[in-house]
Amino acid sequence: MGNKNPVPADHESLDARYLGSCVNACVEDLEAYDATEKETNHRGMRRYFTRGEYNALSELFKYEIDPRSGLTMKKDWHIRYGYGMYQGQNVICIHHSAIHHFYTIPKDTRYAN
């Protein structure tokens with residue numbers, strides 16, 4: 001069926017917010033994040049991203065945007081979401097394939113702490 005979503009993926013904006021993953025993080029930073037993390041659901045995570053950024057996330061993690069085309073992030077029960085402090089910044093974390101992926105929360109969002 002293909003992607004019927006008219007909003008293009010905004011990789012540039014998403015890339016600018018990416019802080020890294022647990023693969024190359026130091027133990028102290030991960031432990032500090034884990035101590036502050038509050039779990040959220042897909043809807044809670046979604047609030048922190050524009051539609052273009054969300055579409056870029058879906059492409060990055062190999063999910064479909066249109067549920068008629070296959071598995072979406074929302075329907076995958078193996079993925080988790082959280083938010084907290086990482087390296088002194090408010091972040092949203094996507095736990096995908098047991099890897100933490102950290103994205104900054106923009107200060108101008110009403111959801112930022």
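I take two strands as paired if DSSP finds at least two bridges between them; helices (H or I, at least four residues) and strands (E, at least two) are DSSP runs, numbered from the N terminus.

The model is predicted: local features need pLDDT of at least 70, side-chain atom pairs count only at pLDDT 80 or more, and totals for chains, interfaces and linings use all residues. Residues are numbered from 1 along each chain as its sequence is written, and side-chain values use heavy atoms, with hydrogens and water left out.

Entry: strand 5. I looked up the hairpin of strand 4 and strand 5; it has 2 residues between the strands, and Ser-97 there takes a positive phi near 55°. Strand 4 (residues 89-96) pairs with strand 5 in the antiparallel sense over 6 bridges, with His-96 opposite Ile-99. Strand 1 (residues 18-21) is also antiparallel to strand 5, over 3 bridges; Ser-21 has His-101 as its bridge partner. I find 5 of the 6 residues of strand 5 (residues 99-104) buried, so the strand is largely enclosed by the rest of the structure. Buried means under 20% relative accessible area, exposed over 50%, partly exposed in between (1.4 Å probe, protein chains only).

Entry: salt bridges. I searched the whole structure and got 3, counting a side-chain nitrogen of Lys or Arg within 4 Å of a carboxyl oxygen of Asp or Glu.

Glu-53 and Arg-17 meet at 2.6 Å, N to O. Glu-53 is in helix 4 (residues 51-60) and Arg-17 in helix 1 (residues 11-17), so the pair ties together parts 36 residues apart in sequence. Glu-53 is buried at 4% relative accessibility, and Arg-17 is buried at 7%.

Asp-66 and Arg-68 have their closest N and O atoms 2.9 Å apart; Asp-66 is buried at 8%, whereas Arg-68 is exposed at 56%.
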